[in-house]
Amino acid sequence: MKVSECHLCASKNLTKVLDLGFHPLADFFLKESQLDEQERRYPLCVLLCQDCGHGMNSFVVPAEVRYQENDYSYDSGNSKISIQHFQEMAEEVAARAELKNGDLVVDIGSNIGTLLGHFKNIGAEVQGVDPARNIAELAEKNGISTINDFFNASSCEKILKKGKAKIITITNAFNHISPLDEFMKCIISILDKNGSFVIELPYFLEIIRKKHFDVVYLEHVSYIAIKPLVPFFKKFGLSITHVEENNYMSGSIRIFVGYGQESELVAKQIVLEEKFGLYDQAEWRKFEEEVKNCKINLLKELVKARESGGKIVAIGAAAKGNTLLNYCGIDAVLIDFATDASPLKVGKYTPGSHLPIFSDDAIDKNVSHALILAWNIADFLKEKISPKFPHLKFITPHVKEL
């Protein structure tokens, strides 16, 4: 569906600020039997609302295609880093929301239940909601009650049988939602008057501030910043009661929403967004040129390594890595294979580029270069692999920070 109006304020005054060409779904990892099928590609462009400042993709792939047509491949419990992060998040959110034993915590897009498992350990009653069948089944095996559906009026009816939620969380998924107005009506229907709705996700500001262009992909319907959210939440009688940045995913923001008073931190965050030119078209034009240069420089480095007889692998088959591979036109001509620790990805192929995905054990002494796709955990991956292969040259692709 082509986007013609802003998801937050319904303005039609939208400007294209970044064009990355046509891409397949970044989380649509392929089975070998699917390689001969025609692969669908969609335009991947970022629009900026000139009235409220909201960022969004120019095209929305139906949610049923994104999450139910193929087995979903992201596992929130596959990394030690993510497990630790969600434990710390559960403890911090519980303390700030004054969670008591037996209070209900609902997680939207709950995946295999990693975050809810930590809430359960500190005494909460928990309820997950996730549309991906294979993921919801894994959550149930992990002892997390999960509604296998989208977050909608039907799933809310089931949640309300347990009562109102003291805490509603949504991590790395609020930016996947469309339409947002209907979503917020459902939030209000199950949120306790003294409750907190907590959003955590990659921060839109980081695309400009740290040049994270590869967090742009089709699953990300929106790109979230604070300035556009303030009037949006006010429509529903809600305020941003607290906001904080953290280093998860190399740059996330955690937003607490409720019926309380707006935090003084909100104004400070908006000043920061404006300082870095998040809403400035000239800044985006400059950034688009930097992205093109990143592509050229990376291809030169990979071609040089290949011509010298190097064997190159890609490490960390992350969704963001698929944006990079497809934008740069990198495939098996330059990369021998990709590796990943997730059993949901090993044995499959990367979308578009069709690189076979093996476990990290597939790396051998003949591999000379490693292209790190999951750059947010680059240090962790280097520490894991370097001792066994000290000769390995790591390539961490990105537009350099200013």
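Q: Where is Asn175 found?
A: This is a predicted model, in which local features need pLDDT of at least 70 and side-chain atom pairs count only at pLDDT 80 or more, while totals for chains, interfaces and linings use all residues. Residues are numbered from 1 along each chain as its sequence is written, and side-chain values rest on heavy atoms, with hydrogens and water left out. Helices (H or I, at least four residues) and strands (E, at least two) are DSSP runs, numbered from the N terminus. Asn175 is found in the loop between strand S7 (165–171) and helix H6 (180–190).

Q: Is Asn175 buried or exposed?
A: Buried means under 20% relative accessible area, exposed over 50%, and partly exposed in between (1.4 Å probe, protein chains only). Asn175 has a relative accessibility of 2%, so the residue counts as buried.

Q: Which side chain does the side chain of Asn175 join in a polar contact?
A: Such a contact is a pair of N or O atoms within 3.5 Å; within protein, one must be able to donate a hydrogen and the other to accept it, and residues adjacent in sequence count only if both atoms are side-chain atoms. Here the distance is 3.5 Å, and the partner of Asn175 is His220.

Q: Why is the pair of Phe232 and Phe236 edge-to-face?
A: Rings of Phe, Tyr and Trp (its six-membered ring) pair if their centres lie within 6.5 Å; planes under 30 degrees apart count as stacked, over 60 as edge-to-face and the rest as tilted. Phe232 is buried at 2% relative accessible area, and Phe236 is buried at 14%. Their ring centres are 5.3 Å apart, and the pair is edge-to-face because the planes stand at 70 degrees.

Q: Which residues do ring pairs link into a cluster with Phe232 and Phe236?
A: The whole structure holds 14 aromatic pairs. Joined to Phe232 and Phe236 in the cluster are Phe151, Phe174, Phe183, Phe197 and Phe233.

Q: Which strands do the buried residues of H12 pack against?
A: In helix H12 (residues 378–385), Ala378, Leu381 and Ile385 are buried. They cover an arc of only 65 degrees around the axis (taken from the directions from the helix axis to the C-beta atoms), so they lie on the same side of H12. Asp379 and Glu383 are exposed on the other side. The buried residues pack against strand S12 (312–315), strand S15 (369–372) and strand S16 (393–395).

Q: Which are the edge strands of the open sheet?
A: The 5 strands run in the order S14-S13-S12-S15-S16, with parallel pairing; two strands pair if DSSP finds at least two bridges between them. S15 and S16 pair over 3 bridges. Pairing on one side only marks the edge strands, S14 (357–358) and S16.

Notes: Contact means heavy atoms within 4.5 Å.
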